[in-house]
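Subject: Structure for you to look at

Hello,

Here is the structure I said I would pass on. Please open it first, then read my notes below.

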Amino acid sequence: MKKTAILPGLALSGLLVFSLAAGSAGAQEIKRIPLPNSDFPILQAVVVPPNASTIYFSGILPEVSNKDAPKGSIEAFGDTETQTVSVFRRIEAALASQGLTLGDVIQLKVFLVGDPRKDGKLDFAGFQAGYTKFFATKEQPNKPVRSAFQIAGLALPGALIEIEATAAKVR
């Protein structure tokens, strides 16, 4: 019986300690460090405090934009800019399902397939044109850290882009 009487007291004192610790940690925010002397729309670094929730999203591919085009063709998904916009809209929906927005994104890993119409080179300009509709805008000024890679191919035929996103939010 004594154990039962002691345990609630210990639990209550533990709650008090946790509440005090959480209160001091609540003042911490995600720190976004810009690239020095640059207006390029990415960050140099992001510091996520221990009181933030971090959510990792699997790679997201584009949706078909032209249902009349041959299945599995680039024409079915569109050029790099069209595919980039499609992917970011899908990322927005995935974020919203977790109570987040694009402003909570702290990191992107971008995988680009070389476009046959560009001699097999990735269309970075097309990617940037789509990307800058969602990040570093007047409506959504936050920028993530980001890496972009040219890869040989993706699991979805016709896809030129896949993006992994990481988001964090102080709760």
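Is S73 buried or exposed? The model is predicted, and in it S73 has a relative accessibility of 12%, so it counts as buried, the limit being under 20%. S73 sits in the loop between β3 (52–60) and α2 (74–77). A polar atom of the S73 side chain lies 2.6 Å from the backbone oxygen of P70. Apart from neighbours within four places in sequence, S73 is in contact with P157 and G158.

Next, the helices. The axes of α3 (residues 80–96) and α4 (residues 124–131) come within 7 Å and cross at roughly 35°. The crossing of α3 past α4 is right-handed. On the α3 side the contact is made by T80, E81, T84, V85 and F88, and on the α4 side by G126, F127, A129, G130 and Y131. By class, these are 5 nonpolar, 4 polar and 1 charged residues.

Last, the aromatic rings. The structure holds 7 aromatic pairs. In one of them, F111 and F149, the ring centres are 5.6 Å apart and the planes are at 20°, so the pair is stacked. F111 belongs to strand β4 and F149 to strand β5, so this pair ties together parts 38 residues apart in sequence. F149 is partly exposed, at 37% relative accessible area.

The rings of F124 and F127 are 5.9 Å apart between centres with planes at 50°, so that pair is tilted. Both residues are in α4, about one helical turn apart. F124 is partly exposed at 32%, whereas F127 is buried at 0%. Ring pairs also link F88, F124, F127, Y131, F134 and F135 into a cluster.

Regards

Definitions and conventions:
Residues numbered from 1 in each chain as written. Predicted model: local features only at pLDDT ≥ 70, side-chain atom pairs only at ≥ 80, totals over all residues. Heavy atoms only, no water. Axes fitted to C-alpha atoms, helices over the stretch in contact; angles between N-to-C directions. Helix = DSSP H or I, 4+ residues; strand = E, 2+ residues; numbered from the N terminus. Left-handed = near helix turned anticlockwise from the far one by under 90°. Contact = heavy atoms within 4.5 Å. Nonpolar A, V, L, I, M, F, W, Y, C, P; charged D, E, K, R; others polar. Buried < 20%, exposed > 50% of the residue type's maximum accessible area, 1.4 Å probe, protein only. Polar contact = N/O pair within 3.5 Å; in protein donor to acceptor, adjacent residues only side chain to side chain. Phe/Tyr/Trp six-rings, centres within 6.5 Å; stacked < 30°, edge-to-face > 60°.
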